[in-house]
Each structure stands twice: as structure tokens, then as C-alpha cells.
Amino acid sequence: MSWAKKVLRVNLTAGTCKDEPLNMEWANNYLGQRGLATKYFVEEVDPKVDPLSPDNKMIMATGPLTGTSASTAGRYSVITKGALTGAIACSNSGGFFGNEMKNAGYDMIIFEGKSKTPVYLMLDNGHAELIDASDMWGTSVWDTEDAIKKKHGDPQIRVASIGIAGEKGVKYACVVNDYHRAAGRSGVGTVMGSKNLKAVAIRGTLGVSVKDPKRFFEAAAAGKAVLAGNAVTGEGLPAFGTQVLMNVINETGALPTHNHRDVQFTGAHSISAEAMAEPRESDGKPNLVRNAACFGCTIACGRISTIDRTHYTVAERPQYQIASGGLEYEAAWALGAATGVDDLDALTFANFICNEQGIDPISFGATVGAAMEMYEDGILTDKKTDGIELKFGNAKALTDLAELTGKGEGFGAEIGLGSKLLCEKYGHAELSMSVKGQEFPAYDSRGIQGMGLSYATSNRGACHLRGYTVASEVLGIPEKTDPLVSEGKAGLVKAFQDATAVFDSAGICVFTSFAWSLEDVAPQIDSSCEGEWSVDRLLEVGERIWNLERNFNNAAGFTAKDDNLPARLLKDAAKTGPAEGLTNHLEAMLPEYYQLRGWTAEGVPTNETLNRLGL
């Protein structure tokens, strides 16, 4: 029960769509979504494969709770070898697409090969076909979704697609569903574009069954009550969204500013959740229109925003005089503090473009920040940037580059390389604030020590959603730890990483973990899935998934040397705030982390660890 027990295999080279049964032995060992799809992927794909080769595969996967009445149970993930990183990639998205896939009768869709011409997949309650998408190639995500719904005469179709960025090979292109929800990191949309796959459209009304309906509904209701009663999931996120963190992290002294040259941003309030709710001087209207929720979500942290119609960014662009997906914290940081821009409407506009053309705003903003530092240091000149004045704080440069990068044009094509390749191209690799080629999100690890270890060891490159120790170090969830000390952080990071792997694989949003522990999740899985699912079993599943991903990366050529941070964070002390005078103490945390993981000093899982986990 709960699993649909069916996989759709799409061979783009041959143009075929075939059903096959889900491997239930693997489902019992890896649960679903991130874990189960990664198991399929590593069994079928050579770790050395070029991410943009037809031999690379891309999997869209749901979890066992996806499509049920559990809170936030609308998630799906895209699993592949990342175009940005060359590492294992799993990018998670909300909205309504995941629910639709599960209700169409599938746990996952495996895409292999490459189509000769642009196509999209149409999946309708078990019937799948590839349809020519030549007329949609070269159009945005928004236009593609509209065109598919119009073509099939059904506004209820759910669509996940790529924009021009994915077609043009921007290294951090996203897969965007429901107009402004995204599988956003690691370049999963770039892989999709390399296969000439423009979109996946799904209509599903078959329903999802569970093992014990009465007990499941009781467990799901209990979980929703916990979320509603929690200060973060019941109050903070619904009212302010993730943007509630902007002023908090700035005051903590861990808001990376000007490409991590500083840890506090003087313009933080101007781009914060509070500023989004304040009336603008120009028209008396706030940036924030309302909040929004994904399928089945009782938190509703999403933002719907609009821009002042007289602002320079939209004065001659009627398509942006709308209400669409508003700023979330990571995007607001990357487009704002990382670049020194404190113009809220400019950030909102740039974020709209990221949604419309399908690019990761974190990698985009962080790469612009690195380019701005090179510009101010004289490494980049107006001639190289096509006349764009890339000074920190230049809002017009930010929005111009968003448009250019979204279409893979001009200097935007270079920004589309990501900060690692861009900085290497101009001889300054040290200015890329990234791990394994993926740019940092919005937390400086000098002021939040555990996040440094979490970034360094993340299997998909620098990521906050693989081990969010900010919950403990700043918010005190599940217990408060000191963000300025490194002691005890190895165990904290491991615990967060293993638990997060379970949340990602179950088909629920990781934001529930602000209120839920695995004690809340286990009853929902146990009552919906075959077999017995205890907290201990789920923890073992999480650890197994983490080691599976690590094994793939090691086989792909990554080593312990890649579990590192840029020298800036290890040698240049924070200049202001509570962390003033501190660097990140990765050297003290990493050996203990390896030991707790059951890995060698070279970061390789021991035979004992592999045997214990059935790997």
C-alpha cells in the first residue's frame, strides 16, 4: 500500500514509454523518492558518466506519503548526476506535480537516452506518450505550461518544464512546476534540456491507498496538530515565510554579504519579510500579496508578490506586472546580500525571471556576487562584461544579468557557468564560494559553525537542506546549541543529515522537521506502508541513503579533499557581529565526523559500515 508499485521507463532515444513493477525490496530498504530513486540511479548509471551525455539518466520520483492526506505530502524529486557539480543530484520540489504523478499511478519516471527533436511527456492516468514540442522550444516555463494546458484543453494538468536556460545549457537550470515551484539546485534542468525533453505533463485521478486508513488518518491528524501548535510551522512560516530569517540571521552575524567578504548586510531590513509586508512609498501597496500552500500543506510558507508598476524593472515589461512566486529567504539573500542589492522590487523581478526561465536563484545570485568582486578587483572589465557595471549594490546590473542568464545570452552565458567555472576561467578559483562546484546558500559558517561541516560533507555540494543545523544552532530546535563553537557539531550534522534523508524520501516537506521528529513521521509511514516502520528503522534507512550517495560520489572521482570550504571561511575572520574574529573550524570537526560515520580517514565508508547497512 501507499506505493503505487509502478515505474514508467521512458526511452527518449527510441521514443518508447513502458511500465514496469517497482522493486519492492529496494522500496523496503530506501523508502521512496530521494532514497529509492537514487538506488535505481546508481544501479543503472556509470558514476563516471558525463552529466550531459545521453547515458546519464534522470528520474522523477515521489515518496510513499506523496498524494496522501499527510501534511505537505505533495513532494517529488529529480535525481540525476548534476550538470553543475558532477556529483549525485537530488532536487526536491513542492507544488502539485508530485501529487499528480502519484495519482496517475506511478512512483517514479525514469528518463534515459536523448530525443532527436524536442518532446514532452504526456501522462494521463496510466497512459503515456511522447509528443512533439518543437513549437515550445525556445519558450519560457510560463509559456510552456500555458501552451500544454491549452493544447490538451485541461487547466488541471500539472506541468514540470524547463525554460530557455535549460535548453541553452546554463549549468544551474531548474525544473519548474506549477509556474513557480522548482527542483532548483545542481543543474537538474540542464540535464533535462540535454535530453531534448521540454516538459512532463501529468493528469492523475486514480487515488492513493494506505495500509490502515483509520490509523493513518489518526496519525496524519496528530501530525497536523503538532505543526499547528508549533511557533515556527504554525505561526512564523505562515505569516512571514522563510524570509522571517533575514533579520534573524543578519543579527546572528551569519548573513554572507558581498561574496562572503562580510557577515552582516546593512540593507538586510530593506529586503526582509517585514519589508515585503510594508506599504511602498510609490503606490501605497506592499510587495507581499498573500501566502500560498503546496498540495496538502498546512503550513503555507509560499509567497505571492507583485512589483510596483512604475519601477524601472517593469515599466516596459507588462508580463511582469503580475502576482507570482515571491521571494523566499535563500533567493532574497543570493539576489540581495550576496550582491549588495537592497532594492526589494529589483530582487522580486530577478526572482520572477529565475522562475520564468528556470534558473536557480541561489547559484545565480552567488555567481553574480563573485563576478562583482572580480569586477571591483579589476579582474573583470566593462569590455568583458559587455558594458555592464558590475559593482556591488548595482540593482540594474543584477536584473539585466538575470534576463541575459535566463536566455543564455551575452555575459549572462558566462554567469550561467556557475561561480566555480567562472572564477577558474579568470584565474581566481578562490573567489568561488562553493563546495563540489555548488554555491553556498544563505548562512556564513563562521557564525554558524555546524553549517560549515554540513556544507563540506553534503553529497550534492553546498546545501542547507541536507543538514540544517541552523535549526539547533540559531532556532533552538530540537535543542539549542552554541553556533560559535565546533564541539559536538559532528554528531549534530550526522543526525540532521540522516533524518533529512528520511523526510526527503517519505514524500513530505523538510520544513515539517521544525516541529516533527521521526517520532511523528514513523506512525504515518507505518500505517500507510507495508511492513513495520519504527524510528530506528527509519534512522537506518536515512544512514543507508547517505552512504549510498557517498559511494556514488567516491566512484565518480570525489575524495576527502572535496570535503572542504573556501580558504576565505577558514582563514579570514568575521569582521563584525557575534562571530567577530572567528573562522570556521572545519579541521576540528571533519575527522570526528568521519569517525562517527564509520568512514576511513580518507572519507571512504569501511567494509564494516557497508555490510551493516546492506550496501
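1. K198 lies over the face of W137, 5.9 Å from the ring centre. R537 is placed over the face of W533, at 3.5 Å from the ring centre. A charge counts as over a ring if NZ of Lys or CZ of Arg is within 6 Å of the ring centre and within 35 degrees of the ring normal.

2. This is a predicted model, in which local features need pLDDT of at least 70 and side-chain atom pairs count only at pLDDT 80 or more, while totals for chains, interfaces and linings use all residues. Residues are numbered from 1 along each chain as its sequence is written, and side-chain values use heavy atoms, with hydrogens and water left out.

3. Searching the whole structure gives 13 aromatic pairs (rings of Phe, Tyr and Trp, the last by its six-membered ring, with centres within 6.5 Å; planes under 30 degrees apart are stacked, over 60 edge-to-face, the rest tilted). Y593 and Y594 form a tilted pair, 6.3 Å centre to centre with 50° between the planes. Y593 is buried at 0% relative accessible area, and Y594 is buried at 5% (buried is under 20%, exposed over 50%, partly exposed in between; 1.4 Å probe, protein chains only).

4. Y329, Y443, Y468, F511 and F514 are linked into a cluster by ring pairs.

5. In α11 (residues 329–337), E330, A331, W333, A334 and L335 meet P361, I362, F364, G365 and A366 in α13 (contact: heavy atoms within 4.5 Å; helices: DSSP runs of H or I, at least four residues, numbered from the N terminus).

Conventions:
Axes fitted to C-alpha atoms, helices over the stretch in contact; angles between N-to-C directions. Helix = DSSP H or I, 4+ residues; strand = E, 2+ residues; numbered from the N terminus.
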